[in-house]
Amino acid sequence: MTDPARPLSERKQDTLRRLEHDVDAWVATASPDGTPYLMPLSFLWNGETLLLSTAAGNPTARNLAKSPTLQLTLGHTRDVVHITATTETLRAGDLTDAEGDAFAEKAGFDPRPLANYFYFRATPTKIQAWREVNELKDRVLMESSSWLV
């Protein structure tokens, strides 16, 4: 039996909780010729943006250098948060010490001393969240970088 659909306000709170507490997400990018690439990456949410990191030679980093758009997904298919975002490429020196420390603590890995690692600040432009088919109709929580609830 399917649970009743959550009100949008509850879905937003559940989404924010996931962003604050989940450690990893599936990150999808595409190469210039359209070849998709999917990679799990750790992230840090600061209330407005997500901070990700990967080696400069990885397909995710190469794809974002050419097209700074990604899809990021948290959860499993029956409790999903799906985010479309634009990214800005950063080096370790672009982060504050507090931001770098927070990322390292949450991820369990500190890429700052590694010269071949980039950071990516992902700004959500669209956020969707749903559990079951009864939540699909109202799954959009953010559009054009503005929360709808």
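Analyst: A contact, in what follows, means heavy atoms within 4.5 Å. The model is predicted, so local features need pLDDT of at least 70 and side-chain atom pairs count only at pLDDT 80 or more, whereas totals for chains, interfaces and linings use all residues. Residues are numbered from 1 along each chain as its sequence is written, and side-chain values use heavy atoms, with hydrogens and water left out.

The part to look at is strand β6, which covers residues 117–130; helices (H or I, at least four residues) and strands (E, at least two) are DSSP runs, numbered from the N terminus. Y117 lies in this strand, and, leaving aside residues up to four places away in sequence, it touches S53, T54, A55, A56, R91, F109 and P111. One of these, A55, is 62 residues from Y117 in sequence, yet the two are 4.2 Å apart in space, C-alpha to C-alpha.

Aromatic rings come next, and a pair of them is described by the distance of the centres and the angle of the planes. Rings of Phe, Tyr and Trp (its six-membered ring) pair if their centres lie within 6.5 Å, and planes under 30 degrees apart count as stacked, over 60 as edge-to-face and the rest as tilted. A search of the whole structure finds 3 such pairs. Among them is the edge-to-face pair of F103 and Y119, with 5.6 Å from centre to centre and 80 degrees between the planes. F103 lies in helix α3 (residues 97–107) while Y119 lies in β6, so this pair ties together parts that are 16 residues apart in sequence. F103 counts as buried because its relative accessibility is 2%, and Y119 counts as buried because its value is 1%; buried means under 20% relative accessible area, exposed over 50%, and partly exposed in between (1.4 Å probe, protein chains only). Another edge-to-face pair joins F118 and F120, with 6.4 Å between the centres and 80 degrees between the planes. F118 has a relative accessibility of 22% and therefore counts as partly exposed, whereas F120, at 2%, counts as buried.

R121 is also found in strand β6, and its relative accessible area of 16% is why it counts as buried. Its side chain makes a polar contact of 2.7 Å with the side chain of E99; such a contact is a pair of N or O atoms within 3.5 Å, where within protein one must be able to donate a hydrogen and the other to accept it, and residues adjacent in sequence count only if both atoms are side-chain atoms. Not counting residues up to four places away in sequence, R121 touches N46, T49, L50, L51, T86, T87, E88, L90, L95 and E99.

An α-helix has 3.6 residues a turn, so residues three or four places apart point the same way.

Two strands pair if DSSP finds at least two bridges between them. β1 and β2 run antiparallel and are joined by 7 bridges, and A30 stands opposite P36 in β2. These two strands form a hairpin with 5 residues between them, and G34 in the turn has a positive phi of about 95 degrees. On β4, with which β1 pairs in the antiparallel sense over 3 bridges, L72 is the bridge partner of V27.
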